[in-house]
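Here's a quick tour of the model below, grouped by topic. Have the 3D view open while you read.

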Amino acid sequence: MRILIQRVTSAQVEVDGQVIGKIGKGYLVLIGIKETDNEQIADRMIKKIIDLRIFEDEEGKTNRSLADVDGELLLVSQFTLYADCKKGNRPSFIHAGKPDMAEPLYEYMIKECKKRVEHVATGQFGADMKVSLLNDGPFTVWMDSEEMWGE
């Protein structure tokens, strides 16, 4: 699983000109799911996302978590995080999970995040989405479960 977290002061996602998900201060989380991912990997990534301390404390150090600042989450599925650009100029997405396995895992992640975070907004799986954000910092963090835990 690949996760791209952007610390934001606000973010939203639109489908067909309608805002379907919107947050204030928090994280825009782009989620790439691989065919071999499962709920155990998702649980580890969720814990890492929520416990990550990348908000500034009163001394200006990145020492506060999402819960410490009453932050919000915007979760957006993004298979393109598995783009393979090794050959040619057109990316391959053969490592991205197929929709019939990736969508239920994405929905699982939403459900689990809602257990720990008061405001969780989402994109729409498989839709053509327009995502806008005001990146705070900018502060962007990349996590790959294979690099972190060999999964």
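Let's begin with leucine 81, which counts as buried because its relative accessibility is 14%, under the 20% cut-off. You'll find leucine 81 in the loop between β6 and α2. Keep in mind that this is a predicted model.

**Around leucine 81**

- Setting aside neighbours up to four places off in sequence, leucine 81 makes contact with Arg2, Leu4, Leu30, Ile31, Gly32 and Trp142.
- One of those partners, Leu30, turns up again in the strand pairing, where leucine 30 sits opposite valine 76 in β6.
- Between the C-alpha atoms of leucine 81 and glycine 137 there are 22 Å, with the two residues 56 apart along the chain.

**β6 and its partners**

- Strand β6 covers residues 72-77, and five of its six residues are buried, so the rest of the structure largely encloses this strand.
- On one pairing, β3 and β6 run parallel and share six bridges.
- β6 also pairs with β7 (residues 120-122), again in the parallel sense, this time through three bridges.

**The largest pocket**

- The largest pocket holds about 350 Å³ of space.
- Its lining counts 19 residues, and those closest to the centre are Ser77, Gln78, Phe79, Ala127 and Met129.
- Two or more lining residues come from each of β3, β6, α2 and β8 (129-144).
- Which element gives the largest share of the lining? That would be β3, with three residues.
- By type, the lining of the largest pocket splits into twelve nonpolar, five polar and two charged residues.

**Serine 77, close up**

- Serine 77 belongs to strand β6, and it is among the residues closest to the centre of the largest pocket.
- Is serine 77 buried or exposed? Serine 77 counts as buried, since its relative accessibility is 16% and the cut-off is under 20%.
- Leaving out residues up to four places away in sequence, serine 77 touches Ile31, Tyr106, Phe125 and Met129.
- Two of these names come up elsewhere: Ile31 is also a contact of leucine 81, and Met129 is also among the residues closest to the pocket centre.

**Lysine 34**

- Lysine 34 sits in the loop between β3 (26-32) and α1 (39-51).
- Despite being a lysine, this residue counts as buried, with 18% relative accessibility.
- What does lysine 34 contact, apart from neighbours within four places in sequence? The list is Tyr82, His95, Ala96, Gly97, Met101 and Glu146.

- β1 (residues 2-15) and β2 (residues 18-23) pair in the antiparallel sense over five bridges.
- Glutamine 12 has lysine 22 in β2 as its bridge partner.
- Two residues separate the strands of this hairpin, and aspartate 16 there takes a positive phi near 55°.

**Backbone features to check**

- Aspartate 16 has that positive phi of about 55° even though it isn't a glycine.
- This aspartate 16 lies in the loop between β1 and β2 and is exposed, with a relative accessible area of 75%.
- Aspartate 70 is another residue other than glycine with a positive phi, in this case near 50°.
- The place of aspartate 70 is the loop between β5 (62-64) and β6, and with a relative accessible area of 69% it counts as exposed.
- The peptide bond running from glycine 137 to proline 138 is cis, and its omega is near -5°.
- Proline 138 itself is part of strand β8, one of the elements that give two or more residues to the lining of the largest pocket.

Conventions:
Residues numbered from 1 in each chain as written. Predicted model: local features only at pLDDT ≥ 70, side-chain atom pairs only at ≥ 80, totals over all residues. Heavy atoms only, no water. Helix = DSSP H or I, 4+ residues; strand = E, 2+ residues; numbered from the N terminus. Buried < 20%, exposed > 50% of the residue type's maximum accessible area, 1.4 Å probe, protein only. Contact = heavy atoms within 4.5 Å. Pairing = 2+ DSSP bridges. 1 Å grid on protein atoms, 1.4 Å probe; cavity = no way out; pocket = protein on both sides within 12 Å on 5 of 7 lines; lining within 4 Å. Points joined across faces, edges and corners; volume = space filled by probe spheres on them. Nonpolar A, V, L, I, M, F, W, Y, C, P; charged D, E, K, R; others polar.
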